[in-house]
Amino acid sequence: MSQPFKATRVTDTVYWVGAIDWTIRNFHGYATSRGTTYNAYLVLADKVTLVDTVKAPFKDEMLARISSVIEPTRIDYIISNHSEMDHTGCLPQVMELVKPGKVLASENGVKALREHFHGIGEVIAVKDGETLSLGNMTLSFIESRMLHWPDSMMTYLGEEQLVFSQDAFGMHLASTERFDDEVNESIFEYEAAKYYANILLPFSSFVTRLLDKLGKLGLSFKMIAPDHGPIWRKNPEVIVESYARWAEQKRSRRAVIVYDTMWQSTALMARVISDGLVSEGVPVKVMPLESSHRSDVATEILDAGALLVGSPTLNNNIFPTLADVLTYLKGLKPKNLLGAVFGSYGWSGESVKQLREFLTEMKVELVGEGINVKYVPDDEALAQCFSLGTLVAQKLKERYPV
Ligand code: FEO
């Protein structure tokens, strides 16, 4: 039975032939609460070219979209911009079916594809700056190492002034709308920031280098076509400017408090510390881990200036949810954060020290030693919590005067 999926026209020569994943909610630890798309693109040049493929279960959907424009066996070249399996899961089967003249990837991409798909057919390595003639059109390859993996590259189609940017400039957003001007602005702004915070933040120095390189190449971009989410056609400069700003990790006069609690002592401390911050005019996002996902915490600290964390002591350790979120945040390597720690305990009381060690490893500048309360905070302990909030707020205001 052939599936009646259709391609979406991007330009006269480029078609979107990807897949929409309305179901996925966990993308290797990232809560994809709005699903995602796996974008693949068909270039109808003299040499018909497919740029990227889709996650394995969506192969038939992609092939059906291709078939709505051209017989898949007429594909001459396949470009693999990024080897992660959401873009290559069905590549070996598609190569088998289509028998393209050439499959191309970066040098690291060739290695990664061989290491993922043992016995995969020939894949040709291309270098940064190399070009490929499609007869009446030309593709140029731009290495974009670490955005998102060491193999990542972008492909520029000069005749359409369009860059296929793979993960970079993307977002996890399942939608029937394919373009930035069709999607609700507040949704795609949030999802683009969430994607950067959770996927690209640790590689911010590579983002800065890539943007410099693109500037020096002097290429003009009418469109940016990423491998997830909408295509930027109305204002591609908006996402480029956002990336430049996020990569600098410039922060703002805003605080995030993350905590978990056993008998509400640490929760009460968190709420009082929050009020201390607010009393100094600093807005706060309080994130109890009972109801906050690690990837939402990462999103909130993308531009917050302070991260305060609280945990009870459970069997000589921090609460497991704190270990989860701090391990995740440490891997994302946020910079330029102020921080503070607090918690409660019954008898041994190690959590505050362990939280301090975590934040120190993350190079967070700590305000004070932290507050560690036995069992239930009394008036004096709560006054200390309020003061801690005001102290962090004052430091934030010194750092961010306006
Ligand atoms: Fe969308 Fe790094 O894969």
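Reply: Let us begin with a definition: a residue is buried under 20% relative accessible area, exposed over 50%, and partly exposed in between. Please keep in mind throughout that this is a predicted model.

Me: How does Arg145 count, with a relative accessible area of 37%?

Reply: Arg145 is partly exposed, because its value of 37% lies between the cut-offs of 20% and 50%. Its side chain meets that of Glu143 in a salt bridge, at 2.8 Å from N to O. Glu143 also counts as partly exposed, because its relative accessibility is 28%.

Me: How many salt bridges does the structure hold?

Reply: There are 19 salt bridges in the structure. The criterion is a side-chain nitrogen of Lys or Arg within 4 Å of a carboxyl oxygen of Asp or Glu. One of them links Lys250 with Glu248, whose closest N and O atoms are 3.3 Å apart. Here Lys250 is exposed, at 57% relative accessible area, whereas Glu248 is partly exposed, at 47%.

Me: Which parts of the chain does the pair of Glu280 and Lys397 tie together?

Reply: The side chains of Glu280 and Lys397 meet in a salt bridge of 2.9 Å, N to O. Glu280 is in the loop between helix H8 (265-279) and strand E18 (284-288), and Lys397 is in helix H12 (residues 379-399), so the pair ties together parts that are 117 residues apart in sequence. Glu280 is partly exposed at 23% relative accessibility, and Lys397 is partly exposed with a relative accessible area of 26%. Salt bridges may also share partners: Asp181, Glu182 and Arg233 are joined into one network in this way.

Me: Let us turn to strands. What is the order of the strands in the open sheet?

Reply: Two strands count as paired if at least two bridges are found between them. The open sheet here has five strands in the order E12-E13-E14-E15-E16, and its pairing is mixed. Strand E12 (131-133) and E16 stand at the edges with a single partner strand each, so one side of each has no neighbour in the sheet. On average, neighbouring strands of this sheet are turned by 20° against each other, direction ignored. Helix H6 (residues 204-217) packs on the sheet and touches strand E13 (138-143) and E14; the directions of H6 and E13 make about 145°.

Me: In which sense, parallel or antiparallel, does E15 pair with E14, and in which with E16?

Reply: Strand E14 (residues 153-157) pairs with E15 in the antiparallel sense over three bridges, with Leu157 and Leu162 as bridge partners. These two strands form a hairpin with four residues between them, and Gln161 in the turn has a positive phi of about 50°. With strand E16 (residues 223-226), E15 pairs in the parallel sense over four bridges. There, Leu162 has Met223 as its bridge partner, and Phe164 has Ala225.

Me: Which residues of E15 are buried on each side?

Reply: Leu162, Phe164 and Gln166 are buried on one side, and Val163 and Ser165 on the other, so that both faces are covered. Thus five of the five residues of E15 (residues 162-166) are buried.

Me: Which residues form a nonpolar patch on the surface?

Reply: Trp347, Tyr375 and Val376 form that patch, with about 440 Å² of accessible area together. Trp347 is located in the loop between strand E22 (338-345) and helix H11 (351-361). Trp347 counts as exposed because its relative accessibility is 72%.

Key: Residues are numbered from 1 along each chain as its sequence is written. This is a predicted model: local features need pLDDT of at least 70, side-chain atom pairs count only at pLDDT 80 or more; totals for chains, interfaces and linings use all residues. Side-chain values use heavy atoms; hydrogens and water are left out. Patches are made of residues with over 30% relative accessible area and no salt bridge: like charges are joined within 9 Å, nonpolar side chains (Val, Leu, Ile, Met, Phe, Trp, Tyr) within 5 Å. Accessible areas come from the Shrake-Rupley method with a 1.4 Å probe; for residues, only the protein chains shown count as cover. Buried means under 20% relative accessible area, exposed over 50%, partly exposed in between (1.4 Å probe, protein chains only). Axes are lines fitted to C-alpha atoms, for helices over the stretch in contact, and angles run from 0 to 180 degrees between N-to-C directions. Contact means heavy atoms within 4.5 Å.
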